Amino acid sequence: MENRVKDLTDALVVNTRSAAADAAAAKAAADTAAAEALALAVRLHGSADDVAELTDIPLAEVERAVKSVTAARVKELREELRAKAETKVAGTRRRGTPAAAAGAEAEGGDDSSSADLPGQDSTGPDGAAEAAAAASVS
């Protein structure tokens, strides 16, 4: 019985440490995505003050996030977002009015909007806002 308890404890330690490592990797990826999104927002709005005010994130945190993202990466993200926005606009034009497009999406007719940025779901209200922001930059 004592050996079985030790074996179970060992397995618990291994599984827990593995889960902690996975969670740490997921947190790092989420932190990177958040910093990239802030840097892109600052680039599009032209002011870290405006982004801090719009997002209710302290200015120092916005500035720190922006510094951690290279200008080349911000440019890549901007181009990806612009391409997604153009694809969505072109898809809406093919189907007719925006109301008709919304009806087609509600019926499951549009699977093209899987994500606006890597790891982000565009089905929420932020997905539409990001696409609109990218379209206004064009």
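**Stop 1: the nonpolar core**

Select L38, L40, V42, V51, V62, V69 and V74 to begin: these have the most contacts inside the largest nonpolar core, which has 14 residues. A nonpolar core here is a set of buried Ala, Val, Leu, Ile, Met, Phe, Trp, Tyr and Cys residues joined through side-chain atoms within 4.5 Å. Buried means under 20% relative accessible area, exposed means over 50%, and partly exposed lies in between, using a 1.4 Å probe and protein chains only. In soluble globular proteins, nonpolar side chains tend to be buried together.

Before going on, note that this is a predicted model: local features need pLDDT of at least 70, side-chain atom pairs count only at pLDDT 80 or more, and totals for chains, interfaces and linings use all residues. Residues are numbered from 1 along each chain as its sequence is written, and side-chain values use heavy atoms, with hydrogens and water left out.

Now colour by helix. Helices are DSSP runs (H or I, at least four residues), numbered from the N terminus. At least two residues of the core come from each of α1, α2 (48-55), α3 and α4 (71-95). Which helix gives the most to this core? That is α1, with 5 residues.

Stay with V74 for a moment. Leaving aside its neighbours within four places in sequence, V74 is in contact (heavy atoms within 4.5 Å) with A39, L40, R43 and V69.

**Stop 2: where α1 crosses α3**

Show helix α1 (residues 2-45) and helix α3 (residues 59-67) together: they pack at an angle of about 100 degrees, and their axes are 8 Å apart. That makes α1 roughly perpendicular to α3, a label given to angles of 65 to 115 degrees. The axes are lines fitted to C-alpha atoms over the stretch in contact, and angles run from 0 to 180 degrees between N-to-C directions.

Select A35, L38, A39 and V42 on the α1 side, then V62, A65 and V66 on the α3 side, and you have the residues that meet. By class, this contact has 7 nonpolar, no polar and no charged residues. For this count, Ala, Val, Leu, Ile, Met, Phe, Trp, Tyr, Cys and Pro are nonpolar, Asp, Glu, Lys and Arg are charged, and the others, Gly among them, are polar.

**Stop 3: the salt-bridge network**

Next, show the side chains of E36, R73, E76 and E80, which are linked in a network of salt bridges. A salt bridge is a side-chain nitrogen of Lys or Arg within 4 Å of a carboxyl oxygen of Asp or Glu. The structure holds 5 of them.

Centre on R73 and step through its partners:

- E36 meets R73 at 2.9 Å, N to O. This pair links distant parts of the chain, with R73 in helix α4 and E36 in helix α1, 37 residues apart.
- E76 pairs with R73 with the closest N and O atoms 3.0 Å apart. Being 3 residues apart in helix α4, the two are separated by about one helical turn.
- E80 also bridges to R73, with its closest N and O atoms 3.8 Å away.

Is E36 buried or exposed? E36 is buried, with a relative accessible area of 15%. E76 is partly exposed at 43%, and E80 is partly exposed at 32%. Sequence neighbours within four places aside, E36 is in contact with V69, R73 and L77.

**Stop 4: R43**

Finish on R43, found in helix α1. R43 is exposed, with a relative accessible area of 52%. Beyond its neighbours within four places in sequence, R43 is in contact with V74 and R78. Draw a distance from the C-alpha atom of R43 to that of A71: these lie 28 residues apart along the chain and are separated by 9.3 Å.

Key
Parallel < 35°, antiparallel > 145°, perpendicular 65-115°, else oblique.
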